[in-house]
Amino acid sequence: MDGVKGRTVAVATLGCKLNFAESSSIAQRFVSQGFREVSPYSSGVDVCVVNTCTVTEHSDKKCRNIIRRIHKLNPRAIIAVTGCYATLKKAELEALEGVSVVLGQDRKGSVFSRCMELLEGSPCSPSAAEDIFPACSFGERTRSFLKVQDGCNYFCSYCAIPYARGRSRSVPLEVLLEQAKNIAEKGVKEIVLTGVNIGDYQGGLLDVMKALDKIGGIERYRISSIEPNLLTDSMIDWIASGTKFQPHFHIPLQSGCNSTLERMHRRYDTELFAGKIDYIRKKMGDVFFGIDVIVGFPGETDSEFSSTLEFLGKRISPAFLHIFPYSRRKGTLADKMDSQVPERVKSLRVKALETLSDELHGAYVKRFEGTVQKVLFEGRIKGSPAVMGGYTGNYIRVERPYDASAIGRIVEVTL
């Protein structure tokens with residue numbers, strides 16, 4: 001690898017936390033072989049990897065624009081495109097000026113070797129696509145994303161991800177434990193478990209959580225997102241018993257109307273969802289719930305949307321809403337459905353949910369005013385060097401005057 005001395009690599013990432021974990025692992029491979037990592041928008045970049053997302057049409061457009069910008073800045077750079085968009089629309093990306101190679105989701109593990117082949121002009125040994133590409137991020141001093149699972153067997157009618165990432169696969173437990181130990185050795189205090197459908201971990205996610213909880217040096221764990229039907233009572237009971245897993249859950253609802261959930265091919269109804277929220281609160285108190293919601297799904301009437309608003313605002317009252325306007329994805333069942341909702345209607349519904357989210361989040365934070373909470377401070381606030389920020393265990397954002405000695409530590413703060 002003498003030829004890489006002085007070479008630079010950049011990784012541009014779009015989409016989910018899983019993509020960020022995988023991008024970090026790709027970058028680490030280059031750095032371990034002598035590359036220096038730089039910004040994708042630097043000049044003089046030798047290799048740039050673009051890890052794409054295809055969850056919406058906006059995501060596709062953003063990916064194309066980033067590739068064009070990178071090529072304009074570095075016309076001689078090798079640009080390798082991977083990720084979900086690269087899997088579903090390979091030819092579309094190969095046609096973009098500047099793209100050197102497009103590697104689908106099943107070829108992420110070979111990004112380095114393929115780029116070296118192009119960089120050195122000599123063939124590398126071909127490697128079979130991995131059944132699963134283990135990954136974890138090291139980009140932050142205080143938090144790391146650990147990929148425990150990939151792929152999905154659910155095939156919800158609106159979602160293209162199972163076609164892009166394939167069937168559900170799990171990272172072996174021994175690999176996860178080794179990665180968690182490496183993360184702890186770097187002084188990182190918090191790990192976020194991530195994946196496409198992590199509740200579908202082969203052999204049971206609870207056993208993984210119990211094993212990770214024993215790793216010394218890691219003080220906090222969070223679950224990035226988990227399906228409500230896969231968040232079991234036994235899992236909740238164990239978390240509530242006194243573990244490193246925080247009182248913070250990110251659970252996709254998508255709609256608060258049963259008829260819409262049925263068209264979406266979701267595997268639960270509002271009764272199951274509300275019952276799960278009730279059970280968690282009974283066992284763990286006033287936890288932070290972040291809820292995913294899709295608006296404007298085909299056939300969603302004003303009445304159905306009103307049901308979602310009422311279910312969220314009056315029945316479950318989460319702390320935050322992650323709101324997504326429905327985006328048509330070719331190859332999915334929903335793309336062929338009648339009664340597609342006009343964009344202007346989607347926009348109005350997004351605004352209504354954003355208003356509700358602001359109200360819910362403000363009310364949640366207010367309930368903790370004056371309480372003492374443990375905060376993991378992460379670093380300076382961008383644009384405000386005299387201020388640092390971090391999160392409580394229940395995911396309330398806290399800002400305080402910058403104190404270098406507090407960064408990377410969990411300290412008690414009165415809110």
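The buried residues of helix 12 pack against strand 11 (245-254), helix 10 (258-264), helix 11 (270-284), strand 12 (288-295), strand 13 (320-325) and helix 13 (343-366), contact being taken as heavy atoms within 4.5 Å. The model is a predicted one, in which local features need pLDDT of at least 70 and side-chain atom pairs count only at pLDDT 80 or more, whereas totals for chains, interfaces and linings use all residues. Residues are numbered from 1 along each chain as its sequence is written, and side-chain values use heavy atoms, with hydrogens and water left out.

The residues of helix 12 that count as buried are Glu304, Phe305, Thr308, Phe311, Leu312 and Ile316, where buried means under 20% relative accessible area, exposed means over 50%, and partly exposed lies in between (1.4 Å probe, protein chains only). Helices (H or I, at least four residues) and strands (E, at least two) are DSSP runs, numbered from the N terminus. In general, an α-helix has 3.6 residues a turn, so residues three or four places apart point the same way. Helix 12 comprises 15 residues (302-316), which at 1.5 Å a residue should span 21 Å, and its end C-alpha atoms are 20 Å apart, in agreement with that expectation; the expected span is 1.5 Å times one less than the number of residues. Just after helix 12, serine 317 takes a positive phi of about 45 degrees.

Charged side chains were examined next. With a salt bridge defined as a side-chain nitrogen of Lys or Arg within 4 Å of a carboxyl oxygen of Asp or Glu, the count comes to 29 salt bridges. One of these joins lysine 108 to glutamate 22, with the closest N and O atoms 2.4 Å apart; lysine 108 lies in the loop between strand 5 (99-103) and helix 5 (111-120), and glutamate 22 in helix 1 (residues 17-32), so that the pair links distant parts of the chain, 86 residues apart. Lysine 108 counts as buried because its relative accessibility is 2%, and glutamate 22 is likewise buried, with a relative accessible area of 0%. Glutamate 22 also meets lysine 147 in a salt bridge (2.5 Å, N to O), a pairing between helix 1 and strand 6 (residues 143-147) across 125 residues. Lysine 147, at 0% relative accessibility, counts as buried.

A further salt bridge is formed between glutamate 92 and arginine 64, whose closest N and O atoms are 3.3 Å apart. This pair connects helix 4 (residues 90-94), which holds glutamate 92, with helix 2 (residues 57-73), which holds arginine 64, at a separation of 28 residues. Glutamate 92 is partly exposed, at 35% relative accessible area, whereas arginine 64 is buried, at 17%. Salt bridges that share partners join Glu22, Lys108, Lys147, Asp150, Arg165 and Arg169 into one network.

With a disulfide taken as a pair of cysteine sulfur atoms within 2.5 Å, the structure holds 0 disulfides. For cysteine 16, the nearest cysteine sulfur, that of cysteine 53, is 6.5 Å away.
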